[in-house]
Amino acid sequence: MNPFVFGEVVEGFNFIDRKAEIKTLVRDIEDGQKIFLIAPRRYGKTSLLVKTTEKLKTRGVRVIYIDLYKTASLEQFTAALGKSMSEMRKLEFGEAVKFIKEFISGLRPQFSVNPDGSMSLGVDATPPQKEVFQMIENLLAYPQRFAKKENQRVVVMFDEFQEIADIGGEPLEKLMRAVIQKQRDVSYIFCGSKKTMMNEMASRKSRAFFGIGPITHLEKIQNEYFEKYMAGNFSKGNFDYSKEALRAIIRNAGEIPYYIQYLAHELWDMKAEDKKITAQDVEKAVGLIAKRNSPIYQMLWEGFPQTQKRLLQGLAADPKATIFSGSFITRFQMKSSALVKKSLSLLIKKEIIEKENDEYIFTDHWFSIWVRKYCS
Ligand SMILES: Nc1ncnc2c1ncn2[C@@H]1O[C@H](COP(=O)(O)OP(=O)(O)O)[C@@H](O)[C@H]1O
Ligand SMILES: [Mg+2]
């Protein structure tokens with residue numbers, strides 16, 4: 001079986017490195033800190049939260065986890081808060097229903113049981129915002145009440161927290177800040193991608209969450225750990241590989257955990273018969289992936305105006321390019337730095353491009369390879 005995993009939370013043997021990060025997180029959580037944890041998509045944030053949760057549980061810390069990608073409205077967010085708190089309490093179904101109803105009966109919650117026994121919760125009403133905000137305030141106050149009463153540490157983890165802007169905007173941020181900052185026995189993790197947005201949220205004076213606690217930027221996983229991990233997996237599968245090939249995998253994946261696993265997975269399947277992996281094979285696998293995604297990328301590409309296409313060509317050719325320089329502007333016919341700026345901000349808005357350590361990178365790494373290969 002192919003051992004390389006991508007696109008889902010990695011656990012156990014597949015979870016590598018991050019020891020220092022876990023240690024710091026556990027310490028800060030036990031100190032009751034409110035932490036901003038920021039990294040681009042696919043760096044391993046959720047996996048880190050899950051791993052940290054395991055560790056925290058052995059230390060008697062109660063964990064409340066909410067994924068804001070799954071809550072597409074203020075009402076759903078409110079219901080998810082209630083549900084995650086009942087999960088933290090480990091309540092059985094009937095008790096959980098009672099518990100949740102106490103907080104959100106105004107949303108007319110609908111409960112059902114999933115095949116795996118877990119609860120599915122929908123809402124059937126949209127009361128005035130003021131009422132929903134009151135529910136949220138009561139819910140957010142609960143972890144502190146619980147922590148005090150049970151003499152236990154609690155941490156509330158919000159994953160994909162940048163979505164809060166769409167869910168409730170500034171009024172919700174303000175409400176959350178006001179309730180949370182007074183809580184001595186509860187720690188919070190605001191985890192999110194879309195770096196600029198999360199950064200602004202945490203470090204702009206005018207924003208609600210300014211100064212609430214430490215801001216941590218999750219970095220990529222060190223290459224040597226990934227080399228060891230891949231070497232271990234390929235050896236177990238009786239593959240012959242060179243160190244150079246392993247390095248080529250990491251490089252061609254932009255050093256991003258998700259794409260490294262993706263590419264290694266691809267190579268495992270591609271070379272299942274002759275069991276030999278060279279640096280050339282890595283290039284070939286990248287080409288296969290780009291080609292497979294062609295239909296989607298083609299459609300995406302057709303939707304860009306020409307100036308944005310040219311900027312994308314430039315960024316795909318060299319992610320380190322100084323895109324405001326005269327030579328870049330001439331080479332990619334961008335006319336002026338003002339036009340670069342405008343096109344760039346539109347591409348960032350469409351979430352095609354992301355700013356990362358002063359570089360402008362494609363949010364979809366394979367798309368940058370596709371552009372380089374098929375559109376330049
Ligand atoms: N610690 C890790 N060890 C090995 N692979 C990882 C690790 N963290 C992330 N990955 C890879 O990246 C993918 C995305 O991880 P995930 O935790 O979902 O990232 P994020 O939440 O930042 O988008 C995983 O499916 C896995 O392929
Ligand atoms: Mg995630």
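Which residue in S6 stands opposite Phe158?

Mentor: In S6, the residue opposite Phe158 is Phe190. Before we go on, note that this is a predicted model, in which local features need pLDDT of at least 70 and side-chain atom pairs count only at pLDDT 80 or more, while totals for chains, interfaces and linings use all residues. Residues are numbered from 1 along each chain as its sequence is written, and chains are lettered from A and ligands numbered from 1 in the order in which they are written.

Your two residues belong to a parallel pair: strand S5 (residues 154-159) and strand S6 (residues 186-192) share 5 bridges. Strands count as paired if DSSP finds at least two bridges between them. The strands (E, at least two residues) and helices (H or I, at least four residues) are DSSP runs numbered from the N terminus. As a rule, strands of a sheet pair through backbone hydrogen bonds, either parallel or antiparallel.

Now step back to the whole sheet. S5 and S6 sit in an open sheet of 5 strands with parallel pairing, in the order S2-S5-S6-S1-S7. At its edges are strand S2 (62-67) and strand S7 (215-217), each with a single partner strand, so one side of each has no neighbour in the sheet. On average, neighbouring strands here are turned by 15° against each other, direction ignored. Such angles run from 0 to 180 degrees between N-to-C directions, with axes as lines fitted to C-alpha atoms, for helices over the stretch in contact.

For contrast, look at strand S3 (residues 109-113) and strand S4 (residues 119-123), which pair in the antiparallel sense over 5 bridges. Here Ser112 faces Ser120 in S4. These strands form a hairpin with 5 residues between them, and Gly117 in the turn has a positive phi of about 90°.

Next comes the wider layout. The domain assignment gives domain 1 (18-217), domain 2 (223-292) and domain 3 (304-374), with bounds from an automatic or database assignment. The C-alpha centres of domain 1 and domain 2 are 37 Å apart. Ligand 1 lies between these two domains because both give residues to its shell. That shell holds 23 residues, and the closest are Gly44, Lys45, Thr46, Ser47 and Gln261; a residue counts as near if its C-beta atom, placed from the backbone, lies within 6 Å. Helix H2 (45-58) and helix H11 (257-270) are the elements that give two or more residues to it.

The axes of helix H9 (residues 223-236) and helix H10 (residues 243-252) come within 10 Å and cross at roughly 125°, which makes H9 oblique to H10. The axes of H10 and helix H12 (residues 279-292) come within 8 Å and cross at roughly 30°, which makes H10 roughly parallel to H12. In these labels, angles under 35 degrees are roughly parallel, over 145 roughly antiparallel, 65 to 115 roughly perpendicular, and the rest oblique.
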